Amino acid sequence: MSFAELLDHVGGMGRFQIIYTILLAIPVFMMASHNLLQNFTAAISAHHCHVHINISNTPYTNLTGKLAAKDLLRVSVPMDSKQQPEKCHRFVTMQWQLLDSNATVTNLTELETEPCADGWVYDKSIFTSTIITEWDLVCDSRQLKQMAQSIYMAGILAGGIIFGGLSDRFGRRSLLIWCYLQMAVTGTCTAFSPSFTAYCIFRFLTGMAFSGIVLNGVSLSVEWTPTRTRAVVGTMYGYCYTIGQFILAGVAYAIPNWRWLQLVVSLPYFICFIYSWWFAESARWLVLAGRPDEAVKQLKRVARINRKKEEGNKLNIEVLRSNMQKEIASTKSSYTFIDLVRTPVVRRISFCLCFVWFSTSFAYYGLAMDLQNFGVNIFLIQMVFGAVDFPAKFISVLTISFIGRRFTQALTLILAGLSILANIFVPQDLKTLRTVLAVFGKGCLAASFNCVYLYTSELYPTVIRQTGMGLSNTMARLGSITAPLVKMLEEYVPFLPLIIYGAAPIISGIAATFLPETLSVPLPETIEEVETRPRHLRGEEQQMKILLTPTMPDPAKEAS
């Protein structure tokens, strides 16, 4: 019997799998809080130059205690085209003539201005403190906000590379436990950062932990659940992340101080670290790592929890080896990133998945990390962006389970790209329509993420699954790092970022059509299984064609 059959033998989707799935899902609720946290901790409040008044020896000396704040601002800071105070400049000298309603100023642009040498005044009606207000990341330093987010995403990239390879060598469980601890510690340290540099360093380490939790959590879930329930379990994790976006909006609304907000979303991972010691190591990985005795022990434990103790007692190393000889033999060779492109079918899978992961993440974060530009309440738009995931992921799980992974992956990406491109033709003043299109596109990309995590784990064999997930995660992080850089192009061509954000998912959606379907197909254990499976299926298709083709009479035989 195969490992999938062994898993069914000890209970299938029993009590152990249900408890395991729930415990793995709890941290996912807070993962959106870290991924999208800078929408709130780095929110840009309305600001203008700090005004220092020196009105002695002027005709307005007697107005010292009577001058209204708006009048003081009027004579100190120039107005922009929207009649709002300039964010980055102030008048060199106080322009008192602006207070005289009878006076005429021929050209305000000719009045001499200077940068905000004495700092800024921030509107604290929504956020009492952010990294923007604390370290003055505005005007000439405004790009540091995007850099901080890119550094966090670079941490996720580094974590995918490092933890993806290490978990194939040292196991999923131990790496997951470590990543829970790293997330808790570095997230807490971020809240106490004394400087922007320290903040970026701790955010980088937090990103690494985030990546390790995703990779190892998904792998443990996939490798302990039966084939028939993987789509449902994967979608449940997707909904946990969606609910996490609601949690983030609520917590951010209740806690307007960035340091306390950072602390609140980090401390729960200490609890996850404590209970994660109960986790069982992947029996699949133990077998392929040459530790079948431990695999038998874990399977017996699972059977006991699932109330299948008698079936578990029948398992031993000899039974395991006799039924998994092919998988065990495959471990005689060591596997590296080269194995992702060494053979033709796996190479095609790797190339197509690289397109899918890059563009999904690229377009997703191009939309999700730009909430303030929608011109509506940031907490409301966060809720709307989260709410769209519910119907999107529900529809995706239906198509994943009944139509197929390939169809779902390609369709969601193409629809997302088309909705983003459609916004190019919508006027800027139609904010509602632009928001609706963006929300629809974000929903499609959320469904794409929901599918691709499951799809990738099913396409790669066990011996290189984590390595393949690491490569996929790398491409996703490259996409998320690139997204804010592309956003900067709108200063030169306003619609160019939308063209790029829209074209990438469409191209990758086409690439997804070249991936093999994995609906109702057992997880492959070895590279050889992946390479032979398509040929086997093509052979079956050829046999069906032969059977369905009507037999034509042979004239020569009839003549004889």
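I take helices as DSSP runs of at least four residues, H or I, numbered from the N terminus. On that basis I placed Phe 390 in helix H21, residues 389-402. The model I am reading is a predicted one.

**Entry 1: Phe 390**

I asked how exposed Phe 390 is. Its relative accessibility is 31%, so I log Phe 390 as partly exposed; the class runs between 20% and 50%. Next I looked up what Phe 390 touches beyond four places in sequence. I found Tyr 239, Thr 242, Ile 243 and Phe 246. I also checked Gly 238 against Phe 390. The two are 152 residues apart in sequence, yet their C-alpha atoms are 9.1 Å apart in space.

**Entry 2: the whole chain**

I counted 27 helices and four strands in the protein. Of its 560 residues, 53% count as buried. I then took the contacts between residues at least 6 apart in sequence. Of these, 81% join residues at least 24 apart. The accessible surface comes to about 25,600 Å². Carbon and sulfur atoms hold 64% of that surface.

**Entry 3: Thr 190**

I found Thr 190 in helix H8, residues 172-191. Is Thr 190 buried or exposed? Its relative accessible area is 0%, so I note it as buried, the cut-off being under 20%. I then listed the contacts of Thr 190, leaving aside neighbours within four places. They are Tyr 199, Phe 202, Arg 203, Thr 206, Trp 258 and Gln 262.

I followed Arg 203 from that list. Its charged end sits over the ring of Tyr 152, 4.1 Å from the ring centre.

**Entry 4: aromatic pairs**

I counted 25 aromatic pairs. One of them is Phe 40 with Phe 379, which I logged as stacked. Their centres are 5.6 Å apart and the planes make 15 degrees. Phe 40 lies in helix H4 (residues 38-41) and Phe 379 in helix H20 (residues 378-387), so this pair ties together parts 339 residues apart in sequence. Both partners are buried: Phe 40 has 1% relative accessibility, and Phe 379 has 10%.

I turned to Tyr 364 and Tyr 365. Their ring centres are 5.1 Å apart and the planes stand at 75 degrees, so I call the pair edge-to-face, since the planes are over 60 degrees apart. Tyr 364 is buried at 3% relative accessible area. Tyr 365 counts as buried too, at 6%.

I also traced a cluster linked by ring pairs. Its members are Phe 16, Tyr 20, Trp 224, Tyr 275, Trp 278 and Phe 279. Over the ring of Trp 278 I found the charged end of Arg 301, 4.9 Å from the centre.

**Entry 5: helix H14**

Arg 301 took me to helix H14, where I list it among the buried residues. I checked the length of H14, residues 292-305. Its 14 residues should span 20 Å at 1.5 Å a residue, and the end C-alpha atoms are 20 Å apart, so the two agree. After H14 comes Arg 307, where I noted a positive phi, near 60 degrees.

Definitions and conventions:
Residues numbered from 1 in each chain as written. Predicted model: local features only at pLDDT ≥ 70, side-chain atom pairs only at ≥ 80, totals over all residues. Heavy atoms only, no water. Helix = DSSP H or I, 4+ residues; strand = E, 2+ residues; numbered from the N terminus. Buried < 20%, exposed > 50% of the residue type's maximum accessible area, 1.4 Å probe, protein only. Contact = heavy atoms within 4.5 Å. Areas by Shrake-Rupley, 256 points an atom, 1.4 Å probe, with all protein chains shown as cover. Phe/Tyr/Trp six-rings, centres within 6.5 Å; stacked < 30°, edge-to-face > 60°. Lys NZ or Arg CZ within 6 Å of the ring centre and 35° of its normal. Expected span 1.5 Å × (residues − 1).
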